[in-house]
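Open the model in your viewer and keep the sequence panel beside it. The stops below say what to select next and what is found there.

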Amino acid sequence: MTFNDVFKSSFLENVTEFSAVDTLIGMLFALVIGLFIFVVYKKTFNGVMYSTGFAMTLVGLSLVTTLVIMAVTSNVVLSLGMVGALSIVRFRAAIKEPVEIVYLFWAIAVGIVIGAGMIPLAVIGSVIIGVILILFANRRIHDNPYILIFNCIDEKAEEKANHLAGSGAERFVVKSKTVNAAGIEVTAEVRLKDAGTSFVNRLNDIEGVNEVTLVSYNGEYMS
């Protein structure tokens, strides 16, 4: 038996051995769970700019990974070739938010688990992960920190502004203070009591306060 005979008798025959019904069922579940990941990502997104392309990538990633795992599990030779092919692939997409890594691994894990035939595990695990992410995302919104920046012409105006900001916010911590010929600039972290920002208007009405800025802050970006 030559190498050509081995190639024809084992490789080609094993590649064609697959169940169309199992493939359709697996791809259907991958699509449904991928859309579920899409919805969870959309509801929990707190970044600067929502990317529809990245969200759709999560659905496609679930489908593609499921297809690849189905092919790999059906043939040993194909699995070795797949490992070699994937080892030379380089992904250049930039991750804007650390939480996006969670969604990428979630989509890949779903594809692997469904491709391996463990559909109940993929469904139950995805529901648990989705509920946890939604609960933590909602909790984060209620405790959203802000950065408050205001400019004063003298120390007297600064004291009044600090007092008003401290009484109008649940938490008020000065992070930096810059003094120059133009006046005093104060940067502080604030956490609002009831999501109301009316105290910012009163800060601007203080005599000696030139400008007041309030921005949302999550530790990595400001918006």
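Accessible areas here come from the Shrake-Rupley method with a 1.4 Å probe, and for residues only the protein chains shown count as cover. By that method the protein chain exposes about 14000 Å², with carbon and sulfur atoms supplying 65% of it. This is a predicted model, in which local features need pLDDT of at least 70 and side-chain atom pairs count only at pLDDT 80 or more, while totals for chains, interfaces and linings use all residues. Residues are numbered from 1 along each chain as its sequence is written, and side-chain values use heavy atoms, with hydrogens and water left out.

**Stop 1: the whole chain**

Select the protein chain and colour it by secondary structure. Eight helices and four strands make up its secondary structure; helices (H or I, at least four residues) and strands (E, at least two) are DSSP runs, numbered from the N terminus. Starting at the N terminus, the order of elements is α-α-α-α-α-α-β-α-β-β-α-β.

Of the 223 residues in the protein chain, 31% are buried. Buried means under 20% relative accessible area, exposed means over 50%, and partly exposed lies in between (1.4 Å probe, protein chains only). A contact means heavy atoms within 4.5 Å. Among contacts in the protein chain with a separation of 6 or more, 71% are between residues 24 or more positions apart.

**Stop 2**

Select Leu 58, in helix H3 (residues 52-74). Is Leu 58 buried or exposed? Its relative accessibility is 0%, so Leu 58 counts as buried. Now show what surrounds this residue. Leaving aside neighbours within four places in sequence, Leu 58 is in contact with Ile 37, Tyr 41, Tyr 103, Leu 104 and Ala 107. Leu 58 and Tyr 41 are 17 residues apart along the chain, and their C-alpha atoms are separated by 9.2 Å.

Next select Gly 130, which lies in helix H6. Gly 130 counts as buried because its relative accessibility is 0%. Which residues does Gly 130 touch, not counting residues up to four places away in sequence? They are Phe 36, Val 40 and Trp 106.

**Stop 3: a nonpolar patch**

Stay with helix H6 and switch to a surface view. Patches are made of residues with over 30% relative accessible area and no salt bridge; like charges are joined within 9 Å, and nonpolar side chains (Val, Leu, Ile, Met, Phe, Trp, Tyr) within 5 Å. Select Val 21, Ile 25, Phe 29, Val 123, Ile 124, Val 127, Ile 128, Val 131, Ile 132, Leu 135 and Phe 136, which form a nonpolar surface patch with about 970 Å² of accessible area together.

Helix H2 (20-44) and helix H6 (119-142) each supply at least two residues of this patch. The largest share, eight residues, comes from H6. Ile 25 is found in helix H2. Ile 25 counts as partly exposed because its relative accessibility is 38%.

**Stop 4: salt bridges**

A salt bridge is a side-chain nitrogen of Lys or Arg within 4 Å of a carboxyl oxygen of Asp or Glu. How many salt bridges does the structure hold? There are four salt bridges.

Select Lys 177 and Glu 158, whose side chains meet in a salt bridge (3.1 Å, N to O). This pair links distant parts of the chain, 19 residues apart, with Lys 177 in strand E2 (residues 169-180) and Glu 158 in helix H7. Lys 177 is partly exposed at 48% relative accessibility, whereas Glu 158 is buried at 7%.

Then select Lys 175 and Glu 189, which form a salt bridge with the closest N and O atoms 3.4 Å apart. Lys 175 is in strand E2 and Glu 189 is in strand E3 (residues 183-192), 14 residues apart. Lys 175 is exposed, with a relative accessible area of 51%, but Glu 189 is buried at 12%.

Salt bridges that share partners join Arg 171, Lys 175, Glu 189 and Arg 191 into one network.
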